[in-house]
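Subject: Structure handover

Hello,

Here is the structure that you will be working with. Please open it next to this email and follow along.

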Amino acid sequence: MVDRDDEITRERILQWIRTRLARTYLVPAFFSFEAANPLSYLGILAFICFILLGLTGVLLMVYYVPESTASYDSVAKINDLIPYGFEMRQLHYWLANFMIVLSILHLFYLYFKRKYRLYDEVLWITGIVVGLLTVFETYTGYVLIMNMRAMLALDIGAGILRNIATVLAVLFQGSSYNDMVLRMYALHIVLLPAIMVVLFVLHFPRKLTLDAPVILAMIGAAFVVGGLAPAELGLKFVPGQPSMIIIPEWYLTGIYALLRTGVQVFAVTVLLPFIFILVFVLIPFHDMQRGLGVTGRALHATIGIAAMLHIVLVTLWGYRSADLINPITSQADLVINPVTFYGLLIITAVLIFVAARLLMNRNILPKVRLTGNNRKINHKLARPAAIVLLAVALLFQVSLFVYPLYLLPPGSKGLPMTESGLSILAFAAATYFYRAAS
Amino acid sequence: MSGLTVLAALMPYGEFLSYGSKPKIERKKIANISDLKPHSAIIFQWPTETHPYHTNLLIRGREGVGMGRKGDLYAYNRVCTHLQCLLNYDSNNDQIICPCHGSVFAGKDGNVVNGPARKPLPTIELEEEENGDIYAVKIVGEFGYGR
């Protein structure tokens with residue numbers, strides 16, 4: 001509970017800070033620190049991931065060795081030997097995954113809200129470009145470990161570039177494994193992040209929401225999953241050893257599935273993704289109709305829903321054998337019949353269109369008219385309830401100190417990290433309920 | 001116009017990033033016949049140890065149609081012609097298979113048997129000396145991209 005005088009003092013201090021920040025160039029009261037619908041600021045969460053990735057990345061650079069024969073061992077050393085190296089690496093890995101997921105959700109949320117038109121076109125297109133760069137950035141990161149999976153990804157990356165222009169493959173590869181690692185390193189730590197920062201500056205909208213409890217919860221979640229599902233080191237790549245079936249990272253399994261259909265490489269790795277992205281780039285120029293967020297058109301709904309479904313379907317297919325049900329167990333499972341694959345994609349898109357058309361024509365799906373600003377959410381709880389929940393969160397935090405989780409089952413490396421994560425989550429909940437109570 | 005001239009003059013600067021990508025190919029000993037059991041394969045790096053595409057398969061297969069004193073030696077670049085993954089030798093079927101996207105090549109000539117690859121594997125010409133030393137001499141095709 002807050003004393004009245006305390007509250008006034010706090011308000012005055014905050015007011016003092018706010019008015020002074022308002023005189024600066026970038027901050028000018030564009031940040032809102034109030035509770036808001038998290039779906040409305042997924043982009044900010046992704047950006048915070050980016051900042052944290054920069055921090056953890058710089059720390060990892062202290063021990064990482066960008067040299068083809070030494071990089072695997074240096075990552076293994078970070079993971080197994082350096083104090084908190086494991087935590088640092090897992091945070092870097094999981095925040096990158098969070099960033100991709102948040103960016104995809106951010107895109108689709110804004111798509112269905114039609115927040116890409118009426119002066120938002122530049123924000124929309126820079127968003128798509130920075131999203132693509134995010135995937136390239138994670139790719140250049142996951143190959144740096146030089147395990148067998150990294151080498152496969154590098155070979156395939158060079159192969160795809162070769163299908164665009166030979167010179168690109170040469171620029172990508174240089175003349176040795178070592179050249180390749182150093183080039184990926186330069187891209188990963190300097191070039192791509194620098195371009196991304198420039199694009200972020202162009203992509204920031206006028207109003208930014210920073211909601212401390214949600215940001216804390218996201219960081220806590222990264223600690224928890226990092227501890228529970230740590231990224232493995234994989235097998236070290238040694239030139240001249242037999243290769244094996246290795247599935248790429250989840251955000252590339254879609255391309256992997258497309259390649260396994262055997263259709264010409266350029267068509268499936270460059271042309272198809274390009275057309276897919278082009279639809280989203282061009283949508284603001286097609287959907288010019290005025291009015292706030294009328295999501296009542298079958299084509300609009302179909303593009304959004306089919307795109308989401310196809311991303312999920314194709315990504316899952318990367319993990320599965322040709323029939324989409326059984327896991328990949330042998331060489332023969334790799335080849336996917338292109339007729340079934342592309343047939344299914346086309347049929348689902350058509351079915352979604354027909355369904356959307358029928359439902360909308362018969363008014364079964366309401367043509368939602370969204371009102372102006374629905375960013376703000378009502379976060380006020382009944383004061384007693386909020387205080388009880390605050391107490392529960394704090395008690396949970398204390399209990400983590402009294403009974404540290406990692407003392408319970410023996411040995412598991414990720415548990416201290418999970419425990420830190422739970423503590424951060426409890427803190428996030430505490431700040432949320434504290435605000436709700438005041 | 002003046003800008004284009006400058007661009008043209010700066011084009012060769014691209015070589016900065018492609019240094020060493022055209023290696024010299026030299027005859028080199030890669031194995032001795034005693035290292036290879038019948039119906040097996042070994043992997044050798046040639047002509048350099050460090051280029052990602054300079055990894056190759058030396059197969060001791062069916063006698064008579066291949067290279068070497070008994071005609072039982074076959075050698076191919078080990079990089080898949082579909083998307084440059086690294087291939088393995090399957091001695092049961094005398095095939096070379098790709099673990100990435102499922103291409104299959106024949107052990108006897110490096111031609112495509114199955115899968116998304118279209119171009120046959122580059123073959124490496126071998127010489128076997130009296131003492132059984134096997135030398136790689138030259139490549140037919142291009143490392144990493146097929147014949």
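Below are notes on what was found in it, chain by chain.

This is a predicted model: local features need a pLDDT of at least 70, side-chain atom pairs count only at pLDDT 80 or more, and totals for chains, interfaces and linings use all residues. Residues are numbered from 1 along each chain as its sequence is written, and chains are lettered from A and ligands numbered from 1 in the order in which they are written.

Chain A

The average pLDDT (the predictor's confidence in each residue, from 0 to 100) of chain A is 84, and 88% of its residues score at least 70. Residues 368-372 of chain A fall below 50, and this stretch has six contacts in the model beyond near neighbours in sequence. Two residues are in contact if their C-beta atoms, placed from the backbone, lie within 7 Å.

Chain A contains 15 helices and two strands. Helices (H or I, at least four residues) and strands (E, at least two) are DSSP runs, numbered from the N terminus. Of the 438 residues in chain A, 34% are buried. A residue is buried if 20 or more other C-beta atoms lie within 10 Å of its own, exposed if 12 or fewer, and partly exposed in between, with C-beta atoms placed from the backbone. Among contacts in chain A between residues at least 6 apart in sequence, 79% join residues at least 24 apart.

One helix pair is worth a look. Two packed helices are described by the angle between their axes and the distance between the axes. In chain A, the axes of α10 (residues 253-260) and α12 (residues 298-319) come within 7 Å and cross at roughly 70°. Axes are lines fitted to C-alpha atoms, for helices over the stretch in contact, and angles run from 0 to 180 degrees between N-to-C directions. α10(A) and α12(A) are therefore roughly perpendicular to each other. Angles under 35 degrees count as roughly parallel, over 145 as roughly antiparallel, 65 to 115 as roughly perpendicular and the rest as oblique. The residues that meet include A:Y256 and A:L258 in α10(A), and A:I311 and A:W317 in α12(A). The contact of α10(A) with α12(A) has seven nonpolar, four polar and no charged residues. Here Ala, Val, Leu, Ile, Met, Phe, Trp, Tyr, Cys and Pro count as nonpolar, Asp, Glu, Lys and Arg as charged, and the others, Gly among them, as polar.

A:Q397 sits in helix α14 (residues 383-402) of chain A and counts as partly exposed, with 17 C-beta neighbours inside 10 Å. Leaving aside neighbours within four places in sequence, A:Q397 is in contact with A:S423, A:A426 and A:F427. A:Y84 lies in the loop between α3 (71-80) and α4 (85-112) of chain A. Its phi is near 65°, a positive value in a residue other than glycine. Most residues other than glycine have a negative phi, and most peptide bonds are trans.

Chain B

Of its 147 residues, 37% count as buried.

Which strands form the open sheet? They are β5-β6-β7-β8 of chain B, in that order, with antiparallel pairing. Two strands pair if DSSP finds at least two bridges between them. β5 (88-90) and β8 (112-114) of chain B stand at the edges with a single partner strand each, so one side of each has no neighbour in the sheet. β7 (residues 104-106) of chain B is joined to β8(B) by two bridges, and B:F105 stands opposite B:V112 in β8(B).

Strand β3 (residues 55-60) of chain B pairs with β4(B) in the antiparallel sense over five bridges. Five of the five residues of β4 (residues 73-77) of chain B are buried, so this strand is largely enclosed by the rest of the structure. B:L73, B:A75 and B:N77 point one way from β4(B), and B:Y74 and B:Y76 the other way.

The peptide bond from B:W46 to B:P47 is cis, with omega near 0°. B:P47 lies in the loop between β2 (40-45) and β3 of chain B.

Between the chains

The contact takes 27 residues from chain A and 24 residues from chain B. On the chain B side there are eleven nonpolar, 13 polar and no charged residues.

Regards
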